[in-house]
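Student: I have a structure open here and would like to talk it through with you. Could we start with the terms and then go over the parts one by one?

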Amino acid sequence: MDISWQVLINTDWHDYRGIAKDEDRLLKLLKPGWESLLQEWWNIEGLEQPTPEVIGALQKLRTLLQRITGDIIGEREIAKHDLDELNIYLEHAPSHLLLTRGEDFTLQRVPCASDWTWLLGQIAASFATLLAKYDLTRVKQCSNPNCRWTYYDESNSKRRRWCDDDCANMMRVRHFRERHRLA
(Lines give C-alpha, C1' and ligand atoms only; values in the text may rest on other atoms or scores of the structure.)
Protein backbone atom coordinates (compact mmCIF):
# COMPACT_ATOMS: atom_id res chain seq x y z
CA MET A 1 0.00 0.00 0.00
CA ASP A 2 1.23 3.49 -0.87
CA ILE A 3 1.06 5.45 2.40
CA SER A 4 1.84 8.88 0.91
CA TRP A 5 -1.53 10.08 2.20
CA GLN A 6 -0.68 8.95 5.74
CA VAL A 7 2.71 10.68 5.66
CA LEU A 8 1.08 13.97 4.64
CA ILE A 9 -1.64 13.79 7.31
CA ASN A 10 0.94 13.04 10.00
CA THR A 11 3.07 16.09 9.13
CA ASP A 12 0.56 17.81 11.44
CA TRP A 13 2.63 16.58 14.36
CA HIS A 14 1.56 16.27 18.00
CA ASP A 15 3.98 15.16 20.72
CA TYR A 16 2.69 11.79 21.90
CA ARG A 17 4.09 12.48 25.38
CA GLY A 18 2.10 15.71 25.66
CA ILE A 19 5.24 17.73 26.47
CA ALA A 20 6.31 19.59 23.32
CA LYS A 21 4.27 22.03 21.27
CA ASP A 22 2.37 20.81 18.23
CA GLU A 23 4.27 21.38 15.01
CA ASP A 24 3.53 21.68 11.30
CA ARG A 25 6.37 19.60 9.94
CA LEU A 26 5.68 20.72 6.37
CA LEU A 27 7.43 23.98 7.29
CA LYS A 28 10.69 22.00 7.55
CA LEU A 29 10.64 21.81 3.76
CA LEU A 30 11.50 25.53 3.72
CA LYS A 31 14.73 24.95 5.67
CA PRO A 32 18.13 23.47 4.82
CA GLY A 33 18.01 19.69 4.65
CA TRP A 34 14.59 19.67 2.99
CA GLU A 35 15.81 17.28 0.28
CA SER A 36 16.41 14.48 2.78
CA LEU A 37 12.89 14.98 4.22
CA LEU A 38 11.41 14.76 0.75
CA GLN A 39 13.31 11.51 0.18
CA GLU A 40 12.31 10.14 3.59
CA TRP A 41 8.64 11.11 3.36
CA TRP A 42 7.79 10.43 -0.27
CA ASN A 43 10.88 8.75 -1.76
CA ILE A 44 11.25 11.42 -4.40
CA GLU A 45 14.18 13.46 -5.65
CA GLY A 46 14.79 16.21 -8.15
CA LEU A 47 12.13 18.74 -7.18
CA GLU A 48 12.89 22.40 -6.64
CA GLN A 49 12.72 23.60 -3.05
CA PRO A 50 9.07 24.32 -2.30
CA THR A 51 7.83 27.88 -2.08
CA PRO A 52 5.49 29.06 0.66
CA GLU A 53 2.68 28.69 -1.91
CA VAL A 54 3.56 25.00 -2.38
CA ILE A 55 3.57 24.51 1.39
CA GLY A 56 0.13 26.17 1.47
CA ALA A 57 -1.12 23.74 -1.20
CA LEU A 58 0.24 20.77 0.78
CA GLN A 59 -1.45 22.10 3.92
CA LYS A 60 -4.73 22.49 2.04
CA LEU A 61 -4.54 18.90 0.75
CA ARG A 62 -3.63 17.70 4.25
CA THR A 63 -6.70 19.45 5.69
CA LEU A 64 -8.90 17.77 3.07
CA LEU A 65 -7.45 14.33 3.83
CA GLN A 66 -7.82 14.94 7.59
CA ARG A 67 -11.46 15.88 7.09
CA ILE A 68 -12.18 12.77 5.02
CA THR A 69 -10.32 10.44 7.40
CA GLY A 70 -12.28 12.03 10.26
CA ASP A 71 -15.46 11.08 8.42
CA ILE A 72 -14.17 7.54 7.87
CA ILE A 73 -13.13 7.08 11.51
CA GLY A 74 -16.38 8.65 12.72
CA GLU A 75 -18.33 6.36 10.35
CA ARG A 76 -19.91 9.36 8.61
CA GLU A 77 -20.70 9.76 4.93
CA ILE A 78 -17.92 11.52 3.04
CA ALA A 79 -19.24 14.81 1.70
CA LYS A 80 -19.62 15.07 -2.08
CA HIS A 81 -17.77 18.41 -2.14
CA ASP A 82 -14.78 16.71 -0.45
CA LEU A 83 -14.72 13.99 -3.11
CA ASP A 84 -15.02 16.67 -5.81
CA GLU A 85 -12.05 18.49 -4.31
CA LEU A 86 -10.05 15.26 -4.17
CA ASN A 87 -10.83 14.65 -7.85
CA ILE A 88 -9.39 18.07 -8.72
CA TYR A 89 -6.08 16.98 -7.18
CA LEU A 90 -6.24 13.71 -9.11
CA GLU A 91 -6.41 15.64 -12.38
CA HIS A 92 -2.92 16.95 -11.60
CA ALA A 93 -1.21 13.56 -11.64
CA PRO A 94 -0.97 12.79 -15.35
CA SER A 95 1.19 9.84 -16.27
CA HIS A 96 1.85 7.48 -19.13
CA LEU A 97 2.97 3.90 -19.51
CA LEU A 98 6.57 3.08 -20.33
CA LEU A 99 7.71 -0.32 -21.54
CA THR A 100 11.37 -1.18 -20.93
CA ARG A 101 13.40 -4.28 -21.50
CA GLY A 102 16.13 -5.74 -19.37
CA GLU A 103 16.10 -9.49 -18.91
CA ASP A 104 12.32 -9.25 -19.09
CA PHE A 105 9.86 -6.62 -20.21
CA THR A 106 8.72 -4.18 -17.56
CA LEU A 107 5.66 -1.95 -17.84
CA GLN A 108 5.58 0.98 -15.48
CA ARG A 109 3.58 4.14 -15.05
CA VAL A 110 5.76 7.26 -15.14
CA PRO A 111 4.76 10.88 -14.51
CA CYS A 112 4.45 13.28 -17.42
CA ALA A 113 6.17 15.89 -15.26
CA SER A 114 7.82 15.61 -11.84
CA ASP A 115 6.90 18.78 -10.01
CA TRP A 116 5.05 19.75 -6.85
CA THR A 117 1.67 19.73 -8.59
CA TRP A 118 2.35 16.18 -9.68
CA LEU A 119 3.34 15.21 -6.10
CA LEU A 120 0.07 16.66 -4.79
CA GLY A 121 -1.76 14.53 -7.35
CA GLN A 122 0.22 11.43 -6.37
CA ILE A 123 -0.60 11.90 -2.70
CA ALA A 124 -4.26 12.36 -3.61
CA ALA A 125 -4.05 9.23 -5.78
CA SER A 126 -2.65 7.18 -2.89
CA PHE A 127 -5.61 8.32 -0.78
CA ALA A 128 -8.11 7.63 -3.57
CA THR A 129 -6.65 4.11 -3.88
CA LEU A 130 -7.20 3.64 -0.15
CA LEU A 131 -10.85 4.70 -0.54
CA ALA A 132 -11.45 2.47 -3.56
CA LYS A 133 -9.52 -0.69 -2.73
CA TYR A 134 -8.93 -1.05 1.01
CA ASP A 135 -10.96 -1.79 4.12
CA LEU A 136 -11.81 1.63 5.52
CA THR A 137 -12.61 0.20 8.97
CA ARG A 138 -8.84 -0.18 9.31
CA VAL A 139 -8.21 3.59 9.03
CA LYS A 140 -7.71 4.70 12.62
CA GLN A 141 -6.39 7.43 14.85
CA CYS A 142 -4.06 6.66 17.74
CA SER A 143 -5.91 6.21 21.05
CA ASN A 144 -3.29 8.33 22.80
CA PRO A 145 -5.12 11.68 23.14
CA ASN A 146 -1.82 13.57 22.83
CA CYS A 147 -0.73 11.82 19.64
CA ARG A 148 -3.61 11.84 17.14
CA TRP A 149 -1.48 10.01 14.54
CA THR A 150 -3.49 8.52 11.67
CA TYR A 151 -2.61 5.01 10.51
CA TYR A 152 -3.89 2.00 8.61
CA ASP A 153 -4.36 -0.99 10.94
CA GLU A 154 -2.80 -4.01 9.26
CA SER A 155 -3.14 -6.33 12.25
CA ASN A 156 -4.97 -9.61 11.75
CA SER A 157 -7.54 -8.82 14.44
CA LYS A 158 -8.19 -5.20 13.32
CA ARG A 159 -7.93 -4.21 17.00
CA ARG A 160 -4.77 -2.13 17.03
CA ARG A 161 -5.35 0.98 19.14
CA TRP A 162 -2.05 2.83 18.98
CA CYS A 163 0.04 4.10 16.11
CA ASP A 164 3.25 2.43 17.34
CA ASP A 165 4.89 0.70 20.27
CA ASP A 166 5.99 3.97 21.90
CA CYS A 167 2.42 5.18 22.30
CA ALA A 168 1.19 1.72 23.30
CA ASN A 169 3.81 1.32 26.03
CA MET A 170 3.33 4.82 27.37
CA MET A 171 -0.46 4.46 27.53
CA ARG A 172 -0.21 1.04 29.22
CA VAL A 173 2.13 2.49 31.85
CA ARG A 174 -0.24 5.42 32.41
CA HIS A 175 -3.21 3.08 32.85
CA PHE A 176 -1.20 0.82 35.18
CA ARG A 177 -0.15 3.76 37.34
CA GLU A 178 -3.68 5.12 37.40
CA ARG A 179 -5.09 1.77 38.54
CA HIS A 180 -2.48 1.41 41.26
CA ARG A 181 -2.79 5.00 42.43
CA LEU A 182 -6.52 4.45 42.97
CA ALA A 183 -6.02 1.10 44.75
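This is a predicted model: local features need pLDDT of at least 70, side-chain atom pairs count only at pLDDT 80 or more; totals for chains, interfaces and linings use all residues.

Student: Okay, then which is Trp41, buried or exposed?

Tutor: Trp41 has a relative accessible area of 15%, which is under the 20% limit, so Trp41 is buried. Trp42 falls on that side of the limit too, since its relative accessible area is 9% and it is therefore buried.

Student: And how many aromatic pairs turn up in the whole structure?

Tutor: A search of the whole structure gives 3 aromatic pairs. One of them is formed by Trp41 and Trp42, whose ring centres lie 5.6 Å apart with the planes at 80°, so this pair is edge-to-face.

Student: What sits over the ring of Trp13?

Tutor: That is the charged end of Arg25, which is placed over the Trp13 ring at 4.2 Å from the ring centre.

Student: Let's zoom out. What is the order of the elements along the protein?

Tutor: The protein has 6 helices and 6 strands, and from the N terminus on they follow the order α-β-β-α-α-α-β-β-α-β-β-α. The C-alpha trace spans about 70 × 45 × 40 Å along its principal axes, and buried residues account for 37% of the 183 residues.

Student: How do E3 and E4 pair?

Tutor: Strand E3, residues 95-101, and strand E4, residues 105-111, pair in the antiparallel sense over 7 bridges, and the hairpin that joins E3 to E4 runs through 3 residues. Within this pairing, Leu99 stands opposite Leu107 of E4, while Leu98 stands opposite Gln108 of E4.

Student: What about Phe105, buried or exposed?

Tutor: Phe105, which belongs to strand E4, has a relative accessibility of 54%, and because this is over 50% it counts as exposed. Leaving aside neighbours within four places in sequence, Phe105 is in contact with Leu99 and Thr100.

Student: Which residues does the UniProt domain annotation cover?

Tutor: The UniProt annotation, from an unreviewed entry, reads "domain: Zinc finger CGNR" and covers residues 138-180. In the model, the end C-alpha atoms of residues 138-180 lie 33 Å apart, and the span is 37% helix and 14% strand.

Student: Last topic, then: which element has the lowest mean pLDDT?

Tutor: Among the elements of the protein, helix H6, residues 165-182, has the lowest mean pLDDT, at 78, whereas helix H3, residues 52-73, has the highest, at 97. For the protein as a whole the mean pLDDT is 90, and 99% of the residues reach 70 or more.

Methods: Residues are numbered from 1 along each chain as its sequence is written. Side-chain values use heavy atoms; hydrogens and water are left out. UniProt positions are given in the numbering used here, feature names are shortened, and annotations may be inferred rather than shown by experiment. Helices (H or I, at least four residues) and strands (E, at least two) are DSSP runs, numbered from the N terminus. Rings of Phe, Tyr and Trp (its six-membered ring) pair if their centres lie within 6.5 Å; planes under 30 degrees apart count as stacked, over 60 as edge-to-face and the rest as tilted. Buried means under 20% relative accessible area, exposed over 50%, partly exposed in between (1.4 Å probe, protein chains only). A charge sits over a ring if NZ of Lys or CZ of Arg is within 6 Å of the ring centre and within 35 degrees of the ring normal. pLDDT is the predictor's confidence in each residue, from 0 to 100. Two strands pair if DSSP finds at least two bridges between them. Contact means heavy atoms within 4.5 Å.
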